[in-house]
Amino acid sequence: MIPRRILVPTDLSENAARAYPYARSLAERFAARVDLLHIIPSTEALSLSLVRSEASFAWSKDLYSLLQAERQEQLDRIARESFPEVLGETRIAIGKPDTALLETIHAGHYDLIVMGTRGGDGVSVGAGATAERILRRAHVPVLAVPPHAPVPPRWERILYPTDFSELSRAALPWALLLAEAFSGTVIFFHMLYLGEDPRVVEKAPSEAELEAMRQRLHEHIRAEHYVESEESLRRSQQSPLVRFERVFVRGYAAYDEIVQYADEGADLIVMSTHGRTGLAYLLLGSTAEKVLQHSRKPVLLIRPERVRS
């Protein structure tokens, strides 16, 4: 699970550049190599062909070679400035961005993808951008870095939202890995649904609810054999490597509670995404993607094994 090969897709924009310090920080900490990938959309190449030449719909190999050389020069500059000690390879591809990126991910045996959530056109992930489609289909973890993410990166407080399900637990190993690597704190975050009754206005969980959630968290952690008891969880809080906190709240929308807490109380969100597409996605939605759309902090999304296709 330790990331040794990291892929950073970039459209060469300022928004994409926000992800570079995060990829470099992780590569330095885990002794990983970073590959840079730039994809020239086939529609862009065709448009330039029509503008710069008199050929109707003829593909100009010379024009593509020129465009490729221009982008390679930009990519090499980014490599020198942002990844001087950890660079693996730089690559230029042409095609449909999400398709070309997924092909690269699947063929490259990468352990982690680090990318910005907005491209140079400012289109957000929630508006059907390439990043959203990658998050649904990539079989490796994706660290999505929003335009306003803090630089330099901070890794001290890692928010791990959980509903105590097996799917949500897929993100826990990554939360613990990062916390140990950066001597950070894992914040176990769970929201208890407030309910439909408009008379219920108290958001603080009752003592009975707190005790029930503590027991579920205890069972949730034991399922992965990370700690054997509540007492060992308390003792682990004294560890210089990994510390633990628990945050239990009541609310109406999990993504909203997660984003609000992370805005002031966390440096990074690590959570699972169901990875569904099509009708299942339309019916169930995705708390993880809603978090990504609204969060000002980076979000590391893990797609559980059982939903991978």
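The protein contains 13 helices and ten strands, where helices (H or I, at least four residues) and strands (E, at least two) are DSSP runs numbered from the N terminus. The model is predicted, so that local features need pLDDT of at least 70 and side-chain atom pairs count only at pLDDT 80 or more, whereas totals for chains, interfaces and linings use all residues. Residues are numbered from 1 along each chain as its sequence is written, and side-chain values use heavy atoms, with hydrogens and water left out. Of the 309 residues, 50% are buried, that is, under 20% relative accessible area, with exposed meaning over 50% and partly exposed in between (1.4 Å probe, protein chains only). Among contacts (heavy atoms within 4.5 Å) with a separation of 6 or more, 79% involve residues 24 or more positions apart.

Helix H11 (residues 254-265) has twelve residues and reaches 16 Å from its first C-alpha to its last, close to the 16 Å expected at 1.5 Å a residue; the expected span is 1.5 Å times one less than the number of residues. Its buried residues are Glu257, Ile258, Val259, Ala262 and Gly265, and these pack against strands E6 (157-161), E7 (185-193), E8 (243-251) and E9 (268-272) as well as H13. H11 and helix H13 (residues 287-294) pack at an angle of about 40°, with their axes 9 Å apart. Axes are lines fitted to C-alpha atoms, for helices over the stretch in contact, and angles run from 0 to 180 degrees between N-to-C directions. The two helices H11 and H13 are therefore oblique to each other, given that angles under 35 degrees count as roughly parallel, over 145 as roughly antiparallel, 65 to 115 as roughly perpendicular and the rest as oblique. In this contact, Ala254, Tyr255, Ile258 and Val259 of H11 meet Thr287, Lys290, Val291 and His294 of H13.

The axes of helix H2 (residues 20-30) and helix H8 (residues 172-181) come within 11 Å and cross at roughly 75°, which makes H2 roughly perpendicular to H8. Leu26, Arg29 and Phe30 in H2 meet Leu177, Leu178 and Ala181 in H8.

Backbone exceptions occur in loops. Val151 and Pro152 are joined by a cis peptide bond, with omega about 0°; Pro152 is placed in the loop between strand E5 (142-145) and E6. Phe164, in the loop between E6 and helix H7 (166-169), has a positive phi near 70° and is buried, with a relative accessible area of 10%. Ser183, in the loop between H8 and E7, has a positive phi near 50° and is partly exposed, at 32%.
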